Amino acid sequence: GLDEYAIADETRTLTAGARLSIGAILVGEKSGAFDAGEAEVAALKEAVRHAHSTSNEDKLCGDQWVMLEGLLCYDRWVSDFQANPPKATNLGDFYCLSVYRSTRQAAEDFARELVPKYPAASESLECAAARFAAEADQLNQCFEVLFPDGRLTEEADPARNARAVDLLSWARECYAGGIDALERVLQHISAG
């Protein structure tokens with residue numbers, strides 16, 4: 001969601017009764033001390049990897065929908081909403097747009113949180129934060145265009161789709177700029 005992160009009692013499975021599916025989560029013994037710096041760098045590297053992922057790119061021209069990540073996801077989204085005949089929105093668009101807009105808001109916060117920890121990379125971190133904030137803003141606007149009042153629209157609308165293409169194209173550029181800034185952050189960290 002776009003508000004606070006969800007919080008639940010860690011013992012909720014003991015009192016949930018039949019409402020939960022049966023399963024188990026097994027956690028092994030703690031294997032070492034948590035290294036925040038290592039985790040932060042790993043998160044930055046994963047963000048860059050995700051943005052440049054080419055996973056499933058070779059399956060794009062097939063008949064079935066495929067999961068894409070990062071910039072490829074944006075490219076397909078823009079292409080889909082430029083299509084003629086016009087594309088109607090679906091639950092996949094609703095879900096992906098909901099996820100992307102909330103994660104980019106979190107990306108902004110994460111980048112700003114790292115500024116005092118990595119002073120040599122502070123300018124690049126501020127740049128990344130600003131880009132992710134702008135991306136989230138574009139995605140929030142796009143959500144309102146595609147899903148007025150948070151509802152799935154059943155009919156394709158060329159004017160709505162054209163507006164979505166503009167917003168998604170701008171969001172993609174903001175995202176690409178944010179990722180470029182994160183790549184500079186990683187260079188500063190590895191040099192420092």
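# Core, helices and salt bridges of a predicted model

Visitor: Which residues have the most contacts inside the largest nonpolar core?
Guide: The largest nonpolar core has 41 residues, and those with the most contacts inside it are Tyr74, Trp77, Leu97, Leu125 and Leu168. Bear in mind that this is a predicted model.

Visitor: Which elements give two or more residues to this core?
Guide: H2, H3, H4, H5 and H6 each do. The largest share, 12 residues, comes from H6.

Visitor: What is Trp77 in contact with?
Guide: Leaving aside neighbours within four places in sequence, Trp77 is in contact with Asp93, Cys96, Leu97, Tyr100 and Leu168. Leu97 and Leu168 are also among the residues with the most contacts inside the core.

Visitor: Stepping back, how many helices and strands are there?
Guide: The protein has 6 helices and 0 strands. Along the sequence the pattern reads α-α-α-α-α-α.

Visitor: And what percentage of the residues is buried?
Guide: Buried residues make up 33% of the 192 residues. The protein exposes about 12,400 Å², with carbon and sulfur atoms supplying 54% of it.

Visitor: How much of the contact set joins residues at least 24 apart?
Guide: Taking contacts between residues at least 6 apart in sequence, 71% join residues at least 24 apart.

Visitor: On to H5. What span should the helix have, at 1.5 Å a residue?
Guide: Helix H5 covers residues 122–146, 25 residues, and should span 36 Å. Its end C-alpha atoms are 36 Å apart, so the two values agree.

Visitor: Which residues of H5 are buried?
Guide: Among them are Leu125, Phe132, Leu139, Phe143 and Leu146, and the list also includes Glu135 and Gln138.

Visitor: What covers them?
Guide: The cover for the buried residues of H5 includes H3, helix H4 (91–114) and H6.

Visitor: Salt bridges next. How many does the structure hold?
Guide: The structure holds 9 salt bridges. One of them is between Asp75 and Arg172, with the closest N and O atoms 2.5 Å apart. This pair links distant parts of the chain, as Asp75 is in helix H3 and Arg172 is in helix H6 (residues 158–191), 97 residues apart.

Visitor: Which salt bridge does Arg172 form with Glu173?
Guide: The side chains of Arg172 and Glu173 meet at 3.5 Å, N to O. Glu173 counts as partly exposed, at 41% relative accessibility. Elsewhere, salt bridges that share partners join Glu46, Arg49 and Glu69 into one network.

Visitor: What about Lys87, which partner does it have and how far away?
Guide: Lys87 forms a salt bridge with Asp93, the closest N and O atoms being 2.7 Å apart. Both Lys87 and Asp93 are buried. Asp93 is also one of the contacts of Trp77.

Visitor: What else is in contact with Lys87, Asn161 perhaps? Where is Asn161?
Guide: Asn161 is in helix H6. Leaving aside neighbours within four places in sequence, Asn161 is in contact with Phe81, Pro86 and Lys87. At 1% relative accessibility, Asn161 counts as buried. The C-alpha atoms of Asn161 and Leu146 are separated by 7.7 Å, the two residues being 15 apart along the chain.

Visitor: Now the loops. Which peptide bond is cis?
Guide: The bond from Asn84 to Pro85 is cis, with omega near 10°. Pro85 sits in the loop between H3 and H4.

Visitor: Where is Asn56, and what is its phi?
Guide: Asn56 is in the loop between H2 and H3. Its phi is near 70°, a positive value in a residue other than glycine.

Visitor: And Asp149, what is phi there?
Guide: Phi of Asp149 is near 60°, again positive in a residue other than glycine. Asp149 lies in the loop between H5 and H6 and is exposed, with a relative accessible area of 66%.

Visitor: Last one, Ser53. Buried or exposed?
Guide: Ser53 is buried, with a relative accessible area of 9%, though it is found in the loop between helix H2 (36–51) and helix H3 (70–82). Not counting residues up to four places away in sequence, Ser53 touches Glu69 and Leu72.

Visitor: What lies 3.1 Å from its side chain?
Guide: The backbone nitrogen of Ser55 lies 3.1 Å from a polar atom of the Ser53 side chain.

Methods
Residues numbered from 1 in each chain as written. Predicted model: local features only at pLDDT ≥ 70, side-chain atom pairs only at ≥ 80, totals over all residues. Heavy atoms only, no water. Helix = DSSP H or I, 4+ residues; strand = E, 2+ residues; numbered from the N terminus. Buried < 20%, exposed > 50% of the residue type's maximum accessible area, 1.4 Å probe, protein only. Polar contact = N/O pair within 3.5 Å; in protein donor to acceptor, adjacent residues only side chain to side chain. Contact = heavy atoms within 4.5 Å. Salt bridge = Lys/Arg side-chain N within 4 Å of Asp/Glu carboxyl O. Expected span 1.5 Å × (residues − 1). Core = buried A, V, L, I, M, F, W, Y, C linked by side-chain atoms within 4.5 Å. Areas by Shrake-Rupley, 256 points an atom, 1.4 Å probe, with all protein chains shown as cover.
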